[in-house]
Amino acid sequence: MTRILRLSLAQEKMILNHVIQHLPEEACGLLGGQGETVSVVIPVTNSLHSPVRFRMDPAELLKALEWLDTEDLDLVGIFHSHPRGPATPSETDLHEFAYPESLMLIVSPVGKVWRLRAFEINIEKRTYEEARLIIELSNFLNEAGFGSKENI
Ligand SMILES: [Zn+2]
């Protein structure tokens, strides 16, 4: 079954902004939420400061995970960028991924446009399957102060 992840337009923008600000380095971060819905984007420093590798700063990662726990939120996704491609998980990504319950999101350029894709990783087989990413306009409206949460 294809996994689904729902992001608001504002959250997608936050991820893309974080990625673009850190060019040419890879950028990374966490997505907290419940079930298939993202409720918070937490940018994390890439401690390698590399254009081709990333490692989340351990202290920031720990702090973010603890915070998610106190907020009763799950780690629903981990994002990082591939400024030079590919748009899919690399061999290194498949070998280093430590959170099989979470989706891996990859941000990469397609021409001049940055695209976000989500993948479910099988860490034993070192394979991935693309998940369906749904960008919700309604969440964006809620965050801007319009509409009601019940409409989501
Ligand atoms: Zn990667």
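**Confidence, fold and core of the predicted model**

Over residues 139–152, pLDDT stays under 50, and the model has 15 contacts beyond four places in sequence for this stretch. Where pLDDT is low, the predicted coordinates should not be read in detail. For the protein as a whole, the mean pLDDT is 91, and 90% of the residues reach 70 or more.

Turning to the fold, the secondary structure consists of 4 helices and 7 strands. Followed along the sequence, these elements give the pattern β-α-β-β-α-β-α-β-β-β-α. The C-alpha trace spans about 40 × 35 × 35 Å along its principal axes. The radius of gyration is 15 Å, which agrees with the value near 15 Å that a compact globule would have with 152 residues. When contacts between residues at least 6 apart in sequence are considered, 61% of them join residues at least 24 apart.

The interior comes next. Of the 152 residues in the protein, 31% are buried. The largest nonpolar core contains 31 residues, and those with the most contacts inside this core are Leu5, Leu103, Leu105 and Phe119. Strand 5, covering residues 103–110, supplies the largest share of the core, with 5 residues.

Key. Residues numbered from 1 in each chain as written. Predicted model: local features only at pLDDT ≥ 70, side-chain atom pairs only at ≥ 80, totals over all residues. Core = buried A, V, L, I, M, F, W, Y, C linked by C-beta atoms within 7 Å. Buried ≥ 20, exposed ≤ 12 C-beta atoms within 10 Å, placed from the backbone. Helix = DSSP H or I, 4+ residues; strand = E, 2+ residues; numbered from the N terminus. Rg over C-alpha atoms; globule rule 2.2 N^0.38 Å. Contact = placed C-beta atoms within 7 Å. pLDDT = per-residue confidence, 0-100.
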